[in-house]
Amino acid sequence: MMSNHFYKVILPIICILGIIILFIIGLIIKLIMYRGRLKNVENKHVVITGGSSGIGKAIAIVAAKKGAHVTIIARNVEKLEQAKCEIIQACKKKDTQRVEYLSLDITKNYEEIQKAFMELEKTMGPIYMLVNCAGSSVCAKIEDTSTSDVQKMVDLNFLGTYYCTKAVVPSMKTAKDGIIVLMSSQAGFIGIYGYSAYCSVKFALRGLAESMAMELTPHNISVTLCLPPDTDTPGFAEEELSKLLETKLISQSSCLVKPKVIAKQLFKDALIGKFFSTVGMEGHLMCIVSCGMSPFTSVFELLMQVTLMGVGRLISAFYLISFQSIILNCMKTRDKNKKSE
């Protein structure tokens, strides 16, 4: 009787407690490891593309609070000047920190971008951290997406990131230190209805980030890929006006996040050298399910992925089924409306 009770009740409880204890120990080890590896941007030069608004501006403010010299890059001078004033107010040491802006179209030819970055380093100092935030999206089915919109997204989201990163890598290699951040999206983990072009370029950034991590890690340069959910930015508000119904309903499966939340998490992850940076349960789930051959930051992170990948895949299947249900219901509703006309 006692042995049956032990195997049916006590042993499962012991196993559960053991798993909880191991998880807590793992978290403590993780915190200790990360604290020792935490980099410092104080008095170092941080450059943010797309830094005049949204997530880019929020990241610039976080960098200023940490004592960095900050340069924001965008095209609109008026927005850049307004953002600069906000960033200056956030500076940790207003008397010594420098905040500047550069009006530059990063979709132009590489030579112009390279020249602009070289001049920037002469005036503001070597670039220690580059955050590629510039990007845009258009929501439309593949047959309704104009070729000009596709080209714009490729030029800004992918080539703009590629060119700016290419421009800073040589000096970072010389310094044998640096941080590069690429701004993808949760749409870089999963293909979404209405985002055939947008998902394509965001998926491409993951390939770029993984390749660069392999190339640059031996030179003490870390690469972080940020994959935020829908974020409350001016660009998102504009996109909502023309977003497809299916896309809106699918997007409602995750909450709208404030830019400062993304910025704080991203900066923390970048300073400890994490490859993936996400917020929210959905983001963490996608990282685990989609990690594949991506770099891992610690043994603890690897064990978490190995342990939870199977369960995560099962959960993701329910999400996919619900998305398909949304699409089919929208189709049926449209068909009924057509017949009633």
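The legends below describe close-up views of a predicted model.

**View 1. Strand S6 and its side chains.** Strand S6 covers residues 221-226 and is mostly covered, with 6 of its 6 residues buried. Ile221, Val223 and Leu225 point one way from the strand, while Ser222, Thr224 and Cys226 point the other way. The residues on both sides of S6 are buried.

**View 2. Strands S5 and S6.** Strand S5, residues 178-183, runs parallel to S6 and is joined to S6 by 6 bridges. To get from S5 to S6, the chain passes through helix H6, residues 196-216. This β-α-β crossover is right-handed.

**View 3. Strands S6 and S7.** S6 also pairs with strand S7, residues 276-277, through 2 bridges. These two strands run parallel. Cysteine 226 stands opposite serine 277 in S7.

**View 4. The largest nonpolar core.** This core has 44 residues. Those that touch the most other members are Ile106, Phe117, Ile180, Leu182, Val223 and Phe276. Several elements each supply at least two residues of the core, among them helix H4 (110-124), strand S4 (127-132), S5, H6 and S6. Helices H10 (280-290) and H11 (299-340) also each supply at least two. Helix H5 (147-175) gives the most, with 7 residues. A second, separate core has 36 residues, including Val70, Ala83, Cys91 and Val131. In soluble globular proteins, nonpolar side chains tend to be buried together.

**View 5. The surroundings of phenylalanine 117.** Which residues are in contact with phenylalanine 117, leaving aside its neighbours within four places in sequence? They are Val47, Ile73, Leu104, Ile127, Leu130, Cys164, Ala167 and Val168. Phe117 is one of the residues of the largest nonpolar core that touch the most other members.

**View 6. Glutamate 239 in helix H7.** Glutamate 239 is found in helix H7, residues 234-240. Is glutamate 239 buried or exposed? Glutamate 239 counts as buried because its relative accessibility is 11%, and the cut-off for buried is under 20%. Not counting residues up to four places away in sequence, glutamate 239 touches Ser137, Cys139 and Tyr195.

View 7. An unreviewed UniProt entry carries the annotation "transmembrane region" for residues 6-29 and 310-331. In the model, the span 310-331 is 100% helix and 0% strand. The end C-alpha atoms of this span lie 32 Å apart.

Note on methods: Residues numbered from 1 in each chain as written. Predicted model: local features only at pLDDT ≥ 70, side-chain atom pairs only at ≥ 80, totals over all residues. Heavy atoms only, no water. Buried < 20%, exposed > 50% of the residue type's maximum accessible area, 1.4 Å probe, protein only. Helix = DSSP H or I, 4+ residues; strand = E, 2+ residues; numbered from the N terminus. Pairing = 2+ DSSP bridges. Right-handed = clockwise from strand over helix to strand, strands pointing away. Core = buried A, V, L, I, M, F, W, Y, C linked by side-chain atoms within 4.5 Å. Contact = heavy atoms within 4.5 Å. UniProt positions renumbered as here; feature names shortened; annotations may be inferred.
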